[in-house]
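Hi everyone, thanks for coming. Let's have the sequence and the structure up on the screen, please.

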Amino acid sequence: ILKRRNMRKDIDFKATDGTTLRGWHYLPDGSGKHATIVMAHGFSAVKEMYLDKFADAFAKAGFASVVYDNRNFGASDGQPRQEIDPWLQVRDYSDAITFALSLDQTDAARIGVWGSSYSGGHVLVVAAIDRRVKCVVSQVPFISGSQGTRRLVRADFLAGLFAQCAEDRRDRAAGKPPAMIPVVDENPLAVSALPTADSYKWFSETHKSRAPAWRNEVTLKTIEYGFGYEPGAYIGNISPTPLLMIVGVTDHLTVADLAIKAYEQAYEPKKLVLLPGGHFDAYVEEFDQACQPACEWFAAHLLPKDRRRQ
């Protein structure tokens with residue numbers, strides 16, 4: 001039987017294009033093959049920003065997990081650094097599933113995916129197109145780049161931002177380095193990728209307490225990619241894979257009404273859990289309220305009855 005202190009091991013694996021992604025492999029107590037959850041973080045975040053807390057809870061509930069940093073961030077390789085291409089991240093999820101299936105401890109018939117915020121959108125796409133996925137949990141998900149951006153950014157600011165993106169395209173073509181933008185700023189009216197007060201508070205505090213490697217910047221191209229990303233469009237194709245969506249009712253970053261509207265377009269089997277708080281509460285103040293339903297959903301659809309833990 002594995003001892004708890006040996007539950008997590010460092011891993012690395014290659015994405016299809018050869019980029020090395022790095023993270024952790026968690027195992028529950030017990031030998032043999034385990035239902036395995038593949039998970040990565042959201043917009044610009046690194047795995048130390050509470051993914052270890054979720055993976056540990058999943059292990060205690062009987063699941064293995066493959067946790068990794070997104071390409072261009074944290075411990076993973078990839079260029080340009082700090083650039084988020086959502087479609088590359090979606091493909092990396094499938095490559096992480098392939099890696100998980102190569103591990104002796106993985107039960108190939110019991111693969112789940114978990115994502116939160118930006119990756120909460122990714123897992124909707126992955127579950128819709130990668131039929132190896134047998135269960136999906138999408139927490140405070142990013143649903144629509146076009147609608148979400150227009151909710152967050154004033155129209156006059158958005159026009160200026162697109163002008164900067166056009167200039168960045170010209171500069172990149174001329175061989176200049178990519179333009180950068182802060183992820184968060186103390187002043188919500190300043191230019192940043194996530195211009196909300198709770199974004200600044202969570203990233204700043206979590207950077208200091210848990211994730212010193214996190215950097216408060218992304219490429220400007222990241223914003224352009226995000227505006228064209230519509231993961232909610234895939235939600236009708238997830239069934240018959242079971243979908244659990246966890247939504248914060250006061251979420252004004254990945255706004256709650258867009259998530260609930262998307263959920264209504266999904267087919268059974270599905271379940272919606274509403275948290276009373278905002279976007280970041282699922283990681284800290286409402287962690288148990290977010291994590292316990294996820295454990296129960298994965299158990300109901302990935303574990304045989306005699307292996308479900310009470």
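Look for T106 and what surrounds it: beyond its neighbours within four places in sequence, T106 is in contact with K33, H34, T36, A100, L101 and I111, where contact means heavy atoms within 4.5 Å. T106 sits in strand β5, residues 106-116. Strands here are DSSP runs of E, at least two residues, and helices are runs of H or I, at least four, numbered from the N terminus. T106 counts as buried because its relative accessibility is 4%; buried means under 20% relative accessible area, with a 1.4 Å probe and protein chains only.

A word on the source: this is a predicted model, where local features need pLDDT of at least 70, side-chain atom pairs count only at pLDDT 80 or more, and totals for chains, interfaces and linings use all residues. Residues are numbered from 1 along each chain as its sequence is written, and side-chain values use heavy atoms, leaving out hydrogens and water.

Now to the helices. In α4, residues 145-152, the residues G145, S146, G148 and T149 are buried. What covers them includes α5, α7 and α8 (256-265).

How do α5 and α7 cross? The axes of α5 (residues 155-173) and α7 (residues 220-227), lines fitted to C-alpha atoms over the stretch in contact, come within 9 Å and cross at roughly 120°, on a scale from 0 to 180 degrees between N-to-C directions.

Notes:
Buried means under 20% relative accessible area, exposed over 50%, partly exposed in between (1.4 Å probe, protein chains only).
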